[in-house]
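Here are my notes for your first look at this one. Keep the viewer open and click along as you read.

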Amino acid sequence: VSNFAQQLTLVFFAAPETEQLRIEMKDCIGFKGDSLRDEQRACLFYIILYTFSHSIVAALSFCLWGGAFLTASSFLQKIDPLDVSLMFYLELDRLIDLIERPIFRHLHLRLLECEDDPYQEGSGAMLFRTLKSILMVLPQSTSYMILNERLSSTARFRQSAVALRGLSKHVEKGSKTDIFVKRLVKTRKLHCDAKWRNIRAESLEDPSRLIGEEQKLRAAQQRREWLGYADEEDEITTKEKMKKELLGEGSGKTEMVGVYEGLEEIQSSQMGRKEEEDNNNCETCIDAESGDEDKKGQWREYWAGNQ
């Protein structure tokens, strides 16, 4: 889902088919008015942010484009440590490269603006704070140097021209900023919970490792008593004896071979005797049948003479 949201970000900022959508979403929160069209644009921003929130960098990019600098700054303060990974840093590098392109040129000039209320969504103070927060998250790299040089060039001007007061002010509950931040935090929590489940599944140890040595010895002694062994030495000796009986030694194999050979001789002799007995029985049956035929002939002659 995160990769898909990142691809949607590239389509949003680069595809010519989304040009009209980019125009509608540009500064829709930073310079929001009270008209119906402004309310609809803010509602559309919230809907798209729901999708982009599955990727931290995609959500930050969309907030910078929509002028929701207070939302981005507040969300950066609530990033879960599980979200900070190598892929996260690579995506931040792409974000810095995107910010340096002409499409975000209006943000460079926004850093010099001075507002009566620096705590507004689209104020230059909140933009400076957001970019400074991204700089603090970045490791020492080329992207860090690029962003640091840009912020350093405007920091001295802002210190002399802008009184950054009230920046520790909390977001009002129920405001648009509060709704946006809650949506981002809630969506990222789903991803962090999934990562945490994977980490726990991969790092679960064998429960036996958590048992102390005394408990292991006690369990082993109880098992030996239940199996009938006197002690550990008796168990080892009995197992070795059983192993030898199962595998067999050289003399034992020779004896067994002799036994099987004797069995084959006995079986062959028994088969021979059985065949001889069957042959004798057959001869006896044949003799008996021939004697019966002779007796039948004598009786025929006797009855014929009497008649």
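1. A word to settle before anything else: a residue is called buried when its relative accessible area is under 20%, exposed when it is over 50%, and partly exposed in between (1.4 Å probe, protein chains only). Helices are DSSP runs of H or I with at least four residues, strands are runs of E with at least two, and both are numbered from the N terminus. With that in hand, look at α5: eight of its eight residues are buried, so this helix is largely enclosed by the rest of the structure. The buried residues are F69, L70, T71, A72, S73, S74, F75 and L76.

2. Some housekeeping. You are looking at a predicted model, in which local features need pLDDT of at least 70 and side-chain atom pairs count only at pLDDT 80 or more, while totals for chains, interfaces and linings use all residues. Residues are numbered from 1 along each chain as its sequence is written, and side-chain values use heavy atoms, with hydrogens and water left out.

3. Now zoom out. Of its 307 residues, 31% count as buried. The chain exposes about 20,900 Å², with carbon and sulfur atoms supplying 55% of that; these areas come from the Shrake-Rupley method with a 1.4 Å probe, and for residues only the protein chains shown count as cover.

4. What about contacts along the chain? A contact means heavy atoms within 4.5 Å. Among the contacts in the chain with a separation of 6 or more, 65% involve residues 24 or more positions apart.

5. Just after α4, G67 takes a positive phi of about 80°.

6. How do α4 and α5 pack? Two packed helices are described by the angle between their axes and the distance between the axes. For α4 and α5 the angle is about 155° and the axes are 8 Å apart. That makes α4 roughly antiparallel to α5. The axes here are lines fitted to C-alpha atoms, for helices over the stretch in contact, and the angles run from 0 to 180 degrees between N-to-C directions. Angles under 35 degrees count as roughly parallel, over 145 as roughly antiparallel, 65 to 115 as roughly perpendicular, and the rest as oblique. On the α4 side the contact uses I56, L60, C63 and L64, which meet F69, T71, A72, F75 and L76 of α5.

7. Helix α5 (residues 69-76) also packs on α8 (residues 124-137): their axes come within 8 Å and cross at roughly 30°. The two are therefore roughly parallel to each other. Touching residues are F69, L70, A72, S73 and L76 of α5 and M126, L127, R129, T130, S133 and I134 of α8. The α5 and α8 crossing is left-handed, and α4 passes α5 in a left-handed crossing too. Left-handed means the near helix is turned anticlockwise from the far one by less than a right angle; clockwise would be right-handed.

8. Follow the chain past α8 and you find L138 in the loop between α8 and α9 (142-161). L138 counts as buried, at 6% relative accessibility. The C-alpha atoms of L138 and Y89 are separated by 6.9 Å, although these residues are 49 apart along the chain. Leaving out residues up to four places away in sequence, L138 touches L92, D93, I96, S143, Y144 and L147.

9. Is D27 buried or exposed? At 12% relative accessibility, D27 counts as buried. D27 sits in the loop between α2 (19-25) and α3 (36-52). Its phi is near 55°, a positive value in a residue other than glycine. Most residues other than glycine have a negative phi.

10. Finally, the start of the chain. V1 lies in the segment before α1 (2-14) and counts as exposed, at 65% relative accessibility. V1 still touches H54 and H191, not counting residues up to four places away in sequence.
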